[in-house]
Amino acid sequence: MINQEFYDNALKTLQQLSPEIQEYQFPHLRLFTDGDEFYQKLWQMIDESKTYCWILTYAMDKSLAANITLYKLINAQQRGVNVVLFVDDLQGHYNNKLTKLLQSYGGVFLNLNPLSAFKIYGQEFFRRHHEKMAVADHKAIFGTSNIESHYGGVKWGKQTFHDINTYTEGRHLSYNLQKHFMYLASLYKIQLNPHKPTPNEDLLYTFNAFPPYYEFFKTHPPFNRQIQTQIIESIKNAKDNIKIVQAYYYSVRIFEKHLREAMDRGVKVEIITADKRDQPVYRYAFNRILFQGVIHRNLKVYEFPEQLLHMKGYVFDNKQLFYGSFNNDRWSWKLNHEFNILTEDENEIKMFMDIYNETKLRTRQIDYKKTGTPLRWIKMKFWEWFIYQSEILMSKNQGYHPNKYKYNYLLNTWDDGIGNYF
């Protein structure tokens, strides 16, 4: 278990060995839900960046906040910062003029998994890059917010979503986030140059001063299912309670099987989900229908009726926190690129649970007797049919562009170009 005493002692020892070592080389973090703070932290990172600034988002629009972000990235590139911006093509509604301007100054901009590459809908068409993160020098933001007006607060957005994000300072974490960017770039045969450790940072690794504060998990089914495997293992190992916050919940058989088994052995399970959702496939579905596969005496399900809930995380026995971009639905479980972080740090779990409990105070338990109008039932059945048809297409690899990915090349790219520092 990581604790502050360890950091204080390690920092004191290392400063005696090398006075130039700065405290920010150890992880410091803050969890927050305010959309305006998300933009303020993101812009501060960009403005203060000196070496590199890499951003990955699932969605980006032409809002004022998104355009300010692009202008700041352009300014960073002009002053010599290595700027990279990756946006998934499905939700990429950004300002084309500004992205081209960024490229004209030498910045790297890429539409991930472009829809135009597919002539037939199939598995690869539905596979999206759903991660959300930004890393600049020793600072990073990761969580659930995209770069759109819907994710901003009173000043910079529409307050549509209720998100959770983490701002952190620590080179160990930023190096590992670099690895994910390097991995994605390799899929598109783009070479990114990672930040090279300084002699002092080499010293930190030599003395093992960076403990495993986080474990990092990605998923790229069917070749990599780290997140899915970790969720199942954590459910199996749970002894007392499991707390889940997931806006986009949909029945996944293997997940529900292990969750029922945990409840059968006495584990208390609590889930906070959304009452209303932005995606049409979920919009008309009642929670009593979505959760009918896990109804149990040891289960309590709460729905958040205010903003659109957009948080995603799992807490096991109040000792292990697993959170990031991963939704508890079939797209994340079966297809999407996702990125989650696992930690057992007491302070971070407490910060997360404070937000969880504050969110829970604004919820109500789901009504298993709730009914709707005939029109809503028709719409719900249509989207059930849509999901079924989508899964048929997802199960096939038709529509795969032959030059899109070299899957035999994927398996060995996770550490390429980074070295042995991780």
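## Terms and model

Helices (H or I, at least four residues) and strands (E, at least two) are DSSP runs, numbered from the N terminus. The model is predicted: local features need pLDDT of at least 70, side-chain atom pairs count only at pLDDT 80 or more, and totals for chains, interfaces and linings use all residues. Residues are numbered from 1 along each chain as its sequence is written, and side-chain values use heavy atoms, with hydrogens and water left out.

An open sheet with mixed pairing is built from seven strands, in the order 1-8-6-5-2-3-4; two strands pair if DSSP finds at least two bridges between them. Strand 1 (28-32) and strand 4 (108-112) are at the edges with a single partner strand each, so one side of each has no neighbour in the sheet.

Strand 1 runs antiparallel to strand 8 (residues 165-169), and five bridges join the two. Phe32 has Asn165 in strand 8 as its bridge partner.

## Helices on the sheet

Helix 13 (residues 346-360) packs on the sheet and touches strand 1 and strand 8, where contact means heavy atoms within 4.5 Å. The direction of helix 13 makes about 10° with that of strand 1. Axes are lines fitted to C-alpha atoms, for helices over the stretch in contact, and angles run from 0 to 180 degrees between N-to-C directions.

Helix 3 (residues 64-78) lies across strand 2 (52-60) and strand 3 (82-92), at about 150° to strand 3.

## Phe382

Phe382 is located in helix 14 (residues 374-394). Phe382 counts as partly exposed because its relative accessibility is 42%; buried means under 20% relative accessible area, exposed over 50%, and partly exposed in between (1.4 Å probe, protein chains only).
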